[in-house]
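Welcome to this tour. Open your viewer, keep the selection tool handy, and follow along stop by stop.

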Amino acid sequence: MLADATTRSGGTATATPQATAKITAMEPAAVVTVPAATSVVAVAPVLPGAPTGFAARCTRALLSPWSRLSLLLVLLAGAASTVLLFHPQRLLSDGWPPQLTGAMAALVFAAAYGLCSVAFVPRPLLNLAAGALFGSQLGTASALAGTVLGAGISFGLGRVLGQDALRPLLRGRWLKAADGQLSRHGFRSMMAARLFPGLPFWGVNYCAAVSRMRWMPFLVATALGSLPNTAAYVVAGARASSPTSPAFLIAMACIALPALGGAVVAWRKRHHLRAR
């Protein structure tokens with residue numbers, strides 16, 4: 001009370017210890033202030049190795065769907081040109097290198113078969129060469145392994161380099177129907193495509209790659225569906241030196257009858273296809 005009276009009268013006020021303690025205790029609460037509206041802006045971190053500017057535009061251009069499709073076309077054109085220059089059909093006349101024999105030769109031939117099938121070499125020619133070089137059993141195994149390998153390579157190239165660019169172009173009714181069939185019933189559709197004669201091997205591979213078919217159904221259906229036709233050509237190549245033998249005649253029948261049946265079915269369905 002004395003301090004209050006002294007202050008009002010104009011004198012100098014001396015604070016008591018109790019009052020000083022009260023003021024010190026209240027100071028933190030008075031100092032801390034919170035703004036009425038605080039906005040927090042999140043800044044995305046910039047990776048040290050991320051391309052920016054011109055480098056980023058070049059990377060996006062090189063990895064674009066159309067750039068990858070152009071790369072696929074260049075690879076296929078180069079493979080086809082290589083085949084035209086080196087003539088792999090000489091295997092039928094010149095024979096296999098003598099230093100390769102047995103299972104190792106069959107494995108090398110399967111790898112060459114797969115690469116040649118990607119490069120548009122006709123599979124019947126390769127199957128005949130397998131039979132002429134390795135006989136019926138080993139030739140069938142080697143040719144079938146090469147068939148699956150070539151189909152897998154084509155499927156992978158089409159899926160990685162061509163699918164993103166070609167899928168937006170599937171606008172026609174036939175194209176959408178074929179894509180839906182391959183995507184929903186992949187195994188059954190691929191089995192039918194491999195068993196049906198006349199369909200180009202490489203064309204079926206790339207059509208399946210553009211669709212949403214999975215890897216395993218594609219490879220298994222390719223192996224099972226290609227076995228009858230492959231074995232028939234291999235046996236024909238193995239018994240070509242004795243064209244009157246029962247094995248050769250049966251093999252030729254297994255080749256001709258499916259082809260004739262496919263031609264008849266296509267002829268009967270021609271009006272139905274035109275109507276669509």
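pLDDT is the predictor's confidence in each residue, on a scale from 0 to 100. This is a predicted model, in which local features need pLDDT of at least 70 and side-chain atom pairs count only at pLDDT 80 or more, while totals for chains, interfaces and linings use all residues. Residues are numbered from 1 along each chain as its sequence is written, and side-chain values use heavy atoms, leaving out hydrogens and water.

**Stop 1: the whole chain.** Color the protein chain by secondary structure. Of the 276 residues, 29% count as buried, where buried means under 20% relative accessible area, exposed over 50%, and partly exposed in between (1.4 Å probe, protein chains only).

**Stop 2: confidence.** Now color by pLDDT. The chain has a mean of 76, and 70% of its residues reach 70 or more. A contact means heavy atoms within 4.5 Å. Where pLDDT is low, the predicted coordinates should not be read in detail.

**Stop 3: helix α10.** Select residues 186-195, which form helix α10. Which of its residues are buried? They are Gly186, Ser189, Met190, Ala193 and Arg194. Looking down the axis of α10, these buried residues fall within an arc of 130 degrees, so they line one face of the helix; the arc is that of the directions from the helix axis to the C-beta atoms.

**Stop 4: Thr140.** Move to helix α8 (residues 136-166) and pick Thr140. Is Thr140 buried or exposed? At 14% relative accessibility, Thr140 counts as buried. Leaving aside residues up to four places away in sequence, Thr140 touches Gly135, Leu227, Ala231 and Val234.

**Stop 5: a surface patch.** Finally, show the surface and select Phe187, Met216, Val220 and Leu224, which make a nonpolar patch of about 370 Å². Helix α12 (residues 215-238) gives the largest share of this patch, 3 residues. Met216 sits in helix α12 and is exposed, with a relative accessible area of 56%. Accessible areas come from the Shrake-Rupley method with a 1.4 Å probe, and for residues only the protein chains shown count as cover.

Technical notes
Patches are made of residues with over 30% relative accessible area and no salt bridge: like charges are joined within 9 Å, nonpolar side chains (Val, Leu, Ile, Met, Phe, Trp, Tyr) within 5 Å. A salt bridge is a side-chain nitrogen of Lys or Arg within 4 Å of a carboxyl oxygen of Asp or Glu. Helices (H or I, at least four residues) and strands (E, at least two) are DSSP runs, numbered from the N terminus.
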